2 protein chains.
Amino acid sequence: MQNVYIIGTSATPVGEHWERTAISLACEALNGARGALPTERIGALYVANALSAAIGGQAQLGAAIAAAAGMHGAEAHTIEAGGASGGLALRQAYLAVASGAYDLVAVVGVEKTTDVLDDRREAAQIQAADVDWEAVQGATTTAQWAMLMRRYMHVYGVSSDAFAPFPVNAHANGAASKTAMYRFAISADKVRSAALVADPLTLLDCSTSADGAAAVIVASESIAREIGSPLIRIAGSAVATDTLALHSRPDPLWLSAAARSAAVALQGAHLTHSDIQVLDLTDPHGIAAALALESSGFAERGSATHMARDGAIRPDGAIPLATGGGCKARGDLIGANGVYQIIELVRQLRGEAGAAQVQGAKRALAQCLGGIGTTAATHILIAESSSS
Amino acid sequence: MQNVYIIGTSATPVGEHWERTAISLACEALNGARGALPTERIGALYVANALSAAIGGQAQLGAAIAAAAGMHGAEAHTIEAGGASGGLALRQAYLAVASGAYDLVAVVGVEKTTDVLDDRREAAQIQAADVDWEAVQGATTTAQWAMLMRRYMHVYGVSSDAFAPFPVNAHANGAASKTAMYRFAISADKVRSAALVADPLTLLDCSTSADGAAAVIVASESIAREIGSPLIRIAGSAVATDTLALHSRPDPLWLSAAARSAAVALQGAHLTHSDIQVLDLTDPHGIAAALALESSGFAERGSATHMARDGAIRPDGAIPLATGGGCKARGDLIGANGVYQIIELVRQLRGEAGAAQVQGAKRALAQCLGGIGTTAATHILIAESSSS
């Protein structure tokens, strides 16, 4: 397989873009990411989206965006795996270049969900859970994470307060981001005293569904070397799956797809956990971040909240997390999250992350989950000097 | 890129499977296709589906089917591009093996649409058209093909009767198929006198949406050689796109995505049109088959209906079409059509096509379209002797 690089990135601000369509958001991100590269040079487009058909009524989004972005005639795909869609689209782009089929392709993750009322959005989002056994009971994704949080508290003897460092860290980092939806810090006290959404999750430990688009340009080594340093290589790429329904899992606190995809991606990159200097995980709630950290091998089981309390997840900690604000402060882009993650990590590896910069970061890991860890995609990025 | 082969195929009968779920149909096809191969050996699953979320309420179908089929933990993707979904899933499977990432992957196309009334199915299907400009006017896919048929009749001076040989041929071939929905012949008179669905399309020139699943196992050369002869190689693979809306096209009778994907696939296979001995195209109506034949270069513009009249599309003709019944007699599986096509062509290349066998067929071409040719996927299959 050929080496594969990321040579361009761009994202729209995250928010409620009532005046925009999904297609126009995607074009803005794509055009920003390609910069001066002519559209004719981009061989294929991989579109990550979870809810366009369910909410906006538009299927075949891949072709629609290719045409609108001036990539007339190009190969285009639409990939859906709930919140893991962005990671899966990147995975396909990676294989398209690694195989030698193309030397230049584009990935865009886009979500436009705020045009409808919350109940309709919830009904669309819960399609990523098991429809026959879970969605039919009204068990939204938030409700399921709340149950897992309750279980975690019971098994490991921690209080709900123990999860507050995750949203507090996300907001502290998001405050410095130009694209984040919520650019302000919050305190652990605020998290604790916020209204309950699904007991024990409070409003300030719940991400907000939002609109936005993020794009990356993926290229072969020869093209990446033309563009110049620092080279950002996709050193590991893996996708794994788990059951839809929580009740089918031997241990609901173990996200086996997260575990498997992280292990395969690290192995592919010839790295171990301690080599990774900055992370971006699926963290709509503190419990999600905690389970992803533990299942992916970055924390011992039962220790994630303690590590967060001790500052390990801050930009100056051992496992910096949510440096761009995470799902909580950046906004939850569902199918586009996986691409926003990559853009934040590229910013880190280029040393352009401002107040949330992890000093000297050269190796990063992004992981996005669909449903409650039903699909997991993990990618590892390495900054190379162009002379290496 | 590595050589890529198809080593196993299986499909459920096509029909109204009210007592089955999409997942159970997909598992039946997958299990049939893999035969004695253990599920653990299959590295990834590519699921083609257009309407599961819109009609069945289930997203993340890739993970759902992987778990149900015993491929626990495996990489799984869901691909949507309307009626081209099956071809796009095969394209991704092809690249996964061609890249060397996997030596064995599976593709399953599945559609389950008959649980809802026709109006709701139409509303879901029309999402593959341009929602802002076409679907909003109530212009269903059938209505759009009817307008193209009227235009074709005007431009080339043929009557609506000229298109009858396409459904007549499809039904003649489908009568011999074990999986086809309609296993009986029809006459041109019957086509002409059937009720109008969308003038000038009559009921017997309109495909029927149906339920079913089809699966193929895709493998590297070394595994294919273990399994033995005849080896069926994917010699060409290409995807292209066009605008969603017909009004955006310079010439509505020219399916540019079909043209481009066919040209790229033939070039990749180092073949010309005259090398292809059997075809399967997207033929829900005679007009669709005619435009696909002309745009793909198998007929001069304006000549497709004359070629059909003269018998060229029959199994003993120069460009045998719909040998498994096509969309019309097999049933229209939407997202799964592209996989059913491949299975029929593999049957032809193995000499197992019975009454519809094209004698000595060694090179075949499958093309599926999403929307009115908005997305097109073309694959070329070649039968090789295992000693070659």
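**Ground rules.** I am working on a predicted model, where local features need pLDDT of at least 70, side-chain atom pairs count only at pLDDT 80 or more, and totals for chains, interfaces and linings use all residues. Residues are numbered from 1 along each chain as its sequence is written, chains are lettered from A and ligands numbered from 1 in the order written, and side-chain values use heavy atoms, with hydrogens and water left out.

**Interface.** I looked at the pair B:Arg91 and A:Glu75. They form a salt bridge, and their closest N and O atoms are 2.9 Å apart. Side chains of opposite charge can pair when their charged atoms come close.

I then counted contacts, meaning heavy atoms within 4.5 Å. On chain B, 50 residues touch 50 residues of chain A. The two chains bury about 3,800 Å² between them, and carbon and sulfur atoms give 49% of that. Buried area here is the accessible area (1.4 Å probe) that two parts lose on being put together, summed over both. In chain B, the residues that lose the most area to chain A are B:Gln60, B:Gln127 and B:Thr241, together 17% of what that side buries.

Next I checked polar contacts. The interface of chain B and chain A has 32 residue pairs of this kind, both residues at pLDDT 80 or more. The rule asks for N or O atoms within 3.5 Å; within protein, one must be able to donate a hydrogen and the other to accept it, and residues adjacent in sequence count only if both atoms are side-chain atoms. Several elements of chain B give two or more residues to the side that touches chain A, including α4 (85-98), β8 (231-241) and α10 (256-269). Helices (H or I, at least four residues) and strands (E, at least two) are DSSP runs, numbered from the N terminus.

**Backbone.** I went back to B:Gln60. B:Gln60 sits in the loop between α2 and α3 of chain B. Its phi is positive, about 50 degrees, although B:Gln60 is not a glycine.

I also found cis peptide bonds. One runs from A:Asp199 to A:Pro200, with omega near 10 degrees. Another joins B:Asp199 and B:Pro200, with omega about 10 degrees. B:Pro200 lies in the loop between β5 (196-198) and β6 (201-202) of chain B.

**Cavities.** Which residues lie nearest the centre of the largest cavity? I noted B:Phe166, B:Pro167, B:Ala170, B:Asp283 and B:Ala289, out of 13 lining residues. A cavity is a set of points on a 1 Å grid over the protein atoms alone where a 1.4 Å probe fits but cannot get out, and lining residues have an atom within 4 Å of a point. α7(B) gives the most to this lining, with four residues. The volume of the largest cavity is about 70 Å³. Points are joined across faces, edges and corners, and a volume is the space filled by probe spheres set on them.

Technical notes
1 Å grid on protein atoms, 1.4 Å probe; cavity = no way out; pocket = protein on both sides within 12 Å on 5 of 7 lines; lining within 4 Å. Salt bridge = Lys/Arg side-chain N within 4 Å of Asp/Glu carboxyl O.
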